Every structure is written in C-alpha cells, then in structure tokens.
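Hello,

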Amino acid sequence: MLEFSRFHAENTELTVKISREDVVRVAELAYLDLSESELETYRAQVDEILEYIGKLNELDTASVEPMAQVLTEDQSADATLREDLEVPCGIAAEVLKQAPDPEPPYFRVPKVIER
C-alpha cells in the first residue's frame with residue numbers, strides 16, 4: 001500500500017505528497033518500465049490528483065444525507081440510463097483468422113506473468 005506523507009500548514013490546509021518511490025513501486029506492480037522523466041511526470045500528475053481530492057475534504061457535508069445510489073427520489077433509472085442492448089460483433093471471425101494460435105472464440109497467448 002502506498003504511504004503518503006501528510007502535514008498541516010499554518011492555514012490548516014492538508015497537503016498530500018506522493019514520493020518517487022511510490023511511483024516506482026506502482027510501476028513495478030504494473031510491469032511498466034518508466035524513464036526518469038516519465039517517473040517525475042506521473043509523480044506530479046498523481047500529486048495534483050491527490051491535492052484535488054484533499055480539497056474535497058474541505059467541503060461541509062454535514063447536511064448531506066448518505067446515499068446508497070446516485071439517483072434522487074424524483075429520478076428513475078428508466079429516465080436516466082440507456083437501454084442495455086446486445087450488439088453482435090461481426091469481425092470476430094476475421095480477427096481470429098489473423099491470430100497465430102486461435103482457439104475460437106479466444107486468442108491463445110503465452111503466459112506473461114512470472115512473478
């Protein structure tokens with residue numbers, strides 16, 4: 001699990017920082033080989049995301065009722081969600097013809113997870 005260092009500034013804002021080591025660890029878990037510039041880019045981007053999430057903690061939610069779903073009482077799923085339709089894929093057979101080792105309807109591939 002990632003560990004984030006947290007501290008309160010004089011104006012009581014909470015700042016969350018992600019370290020380079022945290023990004024390296026996540027990259028290792030995802031089997032990503034990142035350059036130094038990519039590590040810094042992703043560290044900065046995750047840091048910005050965490051700062052934004054920290055701002056959400058500043059919102060006063062005392063008067064907001066907990067919800068089990070996002071629809072309000074005056075909304076219905078029929079009015080806000082599209083119908084779930086099954087759409088056949090007409091190119092699966094053509095794609096499988098190009099596979100080196102097909103087992104319709106799947107591709108067989110070598111095992112890549114060795115850790």
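Before the notes, a word on the element names: helices (H or I, at least four residues) and strands (E, at least two) are DSSP runs, numbered from the N terminus. Please keep in mind that this is a predicted model, in which local features need pLDDT of at least 70 and side-chain atom pairs count only at pLDDT 80 or more, while totals for chains, interfaces and linings use all residues. Residues are numbered from 1 along each chain as its sequence is written, and side-chain values use heavy atoms, with hydrogens and water left out.

Tyr31 sits in the loop between H1 and H2. Its relative accessibility is 45%, so Tyr31 counts as partly exposed; here buried means under 20% relative accessible area, exposed over 50% and partly exposed in between (1.4 Å probe, protein chains only).

The axes of H1 (residues 20-29) and H2 (residues 36-56) come within 9 Å and cross at roughly 105°. That makes H1 roughly perpendicular to H2. For the record, axes are lines fitted to C-alpha atoms, for helices over the stretch in contact, and angles run from 0 to 180 degrees between N-to-C directions. Angles under 35 degrees count as roughly parallel, over 145 as roughly antiparallel, 65 to 115 as roughly perpendicular and the rest as oblique.

Which residues make the contact? From H1 come Arg20, Val23 and Val24, and they meet Glu36, Leu39, Tyr42 and Arg43 in H2, where contact means heavy atoms within 4.5 Å. These residues divide into four nonpolar, no polar and three charged (Ala, Val, Leu, Ile, Met, Phe, Trp, Tyr, Cys and Pro count as nonpolar, Asp, Glu, Lys and Arg as charged, and the others, Gly among them, as polar).

H1 also has a clear buried side. Asp22, Val23 and Ala27 are buried there. They cover an arc of only 135° around the axis, which puts them on the same side of H1; the arc is that of the directions from the helix axis to the C-beta atoms. H2 is among what covers these buried residues, whereas the face turned away carries the exposed Glu21 and Leu29.

Finally, the salt bridges. I take one to be a side-chain nitrogen of Lys or Arg within 4 Å of a carboxyl oxygen of Asp or Glu, and by this rule the count comes to eight. One of them joins Asp47 to Lys17, with the closest N and O atoms 3.4 Å apart. This pair links distant parts of the chain, since Asp47 is in H2 and Lys17 is in strand S2 (residues 14-17), 30 residues apart. Asp47 is buried at 6% relative accessibility, while Lys17 is partly exposed at 35%.

Elsewhere, Arg108 bridges to Asp101 (2.6 Å, N to O) and to Glu103 at 3.0 Å.

Best wishes
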